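Subject: Structure handover

Hello,

Here is the structure I promised you. Please open it alongside this email and follow along.

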Amino acid sequence: MTKVPVSFEFFPPRTPAGVTKLKDARSALARLRPEFFSVTFGAGGSTQDLTLETVLESRDETHIDSAPHISCIGFDRERLSAVLHRYQEVGIERLVALRGDLPSGMTGFGELRYARDLVQFIREQTGDAFTIHVAGYPETHPQARSANDDIDNFASKISAGANSGITQYFYNPDAYFRFVEACDARGVNAPIVPGIMPITNYTQLKRFSDMCGAELPRWIETRLRDFGDDIESIRAFGIDVTTRLCESLVNGGAPAFHFYTMNQHQASIAVCENLGLGQ
Ligand code: FAD
């Protein structure tokens with residue numbers, strides 16, 4: 001199978017146990033020599049300092065390029081500019097740029113309404129200082145006016161200066177292939193990297209999928225429900241399903257994989273080993 005680069009996404013831990021768990025996951029995943037690690041950002045600024053702290057720790061410990069996610073919702077230009085300049089000062093070279101979602105109870109979109117505006121702002125403020133990744137939705141973002149509008153929106157983020165897309169996770173490879181075809185038809189020639197969510201836990205996956213609009217196919221859901229508390233069977237099934245998904249994607253031309261690790265390493269490593277990726 002074609003060898004493609006991988007990247008791994010983490011979230012900033014909030015407890016001492018979470019910090020230890022992330023360190024373990026990161027050092028295990030670093031052995032696969034990923035292209036980069038990325039660290040999520042609590043939209044509205046709730047984890048801004050933790051995100052940077054986690055990125056710097058990751059870079060210092062592993063010497064692997066580490067990228068903060070940055071979101072514009074709830075921020076004004078001045079505050080965003082300060083964040084960008086701080087990132088430049090500490091030598092960050094890559095960003096995942098998002099609109100984000102307002103945390104419940106928070107109001108006010110901020111001065112930049114969409115991720116496209118954020119990408120444009122980053123380019124205006126910092127030129128080519130950062131490689132910028134943006135989000136794409138093979139199954140359509142839940143707030144989009146239509147699937148076509150959402151693809152136009154993705155294309156507009158690339159035209160505004162983003163270097164590549166990372167998709168929301170999905171379990172139907174055709175959704176990805178159709179999305180890539182539709183982007184091609186709009187002249188997008190930036191790489192579109194599938195986001196991969198290894199299956200490890202039914203309840204959590206169901207909750208996330210409901211929240212972000214990713215489809216959990218019925219055949220996967222019923223199998224997972226049948227396993228009940230049998231963690232080992234869920235794990236084995238999840239690794240198998242995720243490996244086969246990645247095989248189809250690579251065979252269909254996917255240029256890389258971005259794993260949503262949930263700060264765990266076992267499933268991502270098992271899938272990468274099955275695919276012969278990493279060292
Ligand atoms: P946008 O690209 O701005 O799109 C948002 C919605 O607006 C879409 O429905 C789009 O079709 C619509 N839209 C765009 N332009 C217009 C327009 N002019 N008129 C009308 N509608 C329009 N969230 C976090 O909070 N922190 C993270 O760290 C984080 N990391 C992520 C990483 C990846 C790889 C992905 C795929 C998602 C991530 N998210 C994160 C979730 C993301 O913030 C949400 O999905 C959010 O709702 C949309 O962000 P976006 O950047 O895709 O927004």
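Start with strand 1 and strand 2 (residues 36–39), which pair in the parallel sense over four bridges. Strands pair if DSSP finds at least two bridges between them. Ser7 of that pairing stands opposite Phe36 in strand 2.

Some ground rules come next. This is a predicted model, in which local features need pLDDT of at least 70 and side-chain atom pairs count only at pLDDT 80 or more, while totals for chains, interfaces and linings use all residues. Residues are numbered from 1 along each chain as its sequence is written, and side-chain values use heavy atoms, with hydrogens and water left out. Helices (H or I, at least four residues) and strands (E, at least two) are DSSP runs, numbered from the N terminus.

**The barrel**

Eight strands form a closed barrel in the order 1-2-3-4-5-6-7-8, with parallel pairing. The twist averages 30° from one strand to the next. Angles run from 0 to 180 degrees between N-to-C directions, and axes are lines fitted to C-alpha atoms, for helices over the stretch in contact.

Strand 1 also pairs with strand 8 (residues 257–260), in the parallel sense and over four bridges. There, Glu9 stands opposite Tyr260. Strand 2 is joined to strand 3 (residues 66–71) by three bridges, and the two run parallel. Ser38 has Ala67 in strand 3 as its bridge partner.

Is strand 1 (residues 6–10) mostly covered or mostly open? Mostly covered: five of its five residues are buried. Buried means under 20% relative accessible area, exposed over 50%, and partly exposed in between (1.4 Å probe, protein chains only). Val6, Phe8 and Phe10 point one way from the strand, and Ser7 and Glu9 point the other way.

**The helices**

Helix 9 (residues 231–251) lies across strand 7 (192–196) and strand 8. Helix 9 runs at about 170° to strand 7.

Now look at helix 3 (residues 77–89) and helix 4 (residues 115–126). They pack at an angle of about 60°, with their axes 11 Å apart. That makes helix 3 oblique to helix 4. Angles under 35 degrees count as roughly parallel, over 145 as roughly antiparallel, 65 to 115 as roughly perpendicular and the rest as oblique.

Which residues of helix 3 make the contact (heavy atoms within 4.5 Å) with helix 4? They are Arg77, Leu80, Ser81, Leu84, His85 and Gln88. Helix 4 supplies Leu118, Phe121, Ile122, Gln125 and Thr126.

Best wishes

Conventions: Contact = heavy atoms within 4.5 Å.
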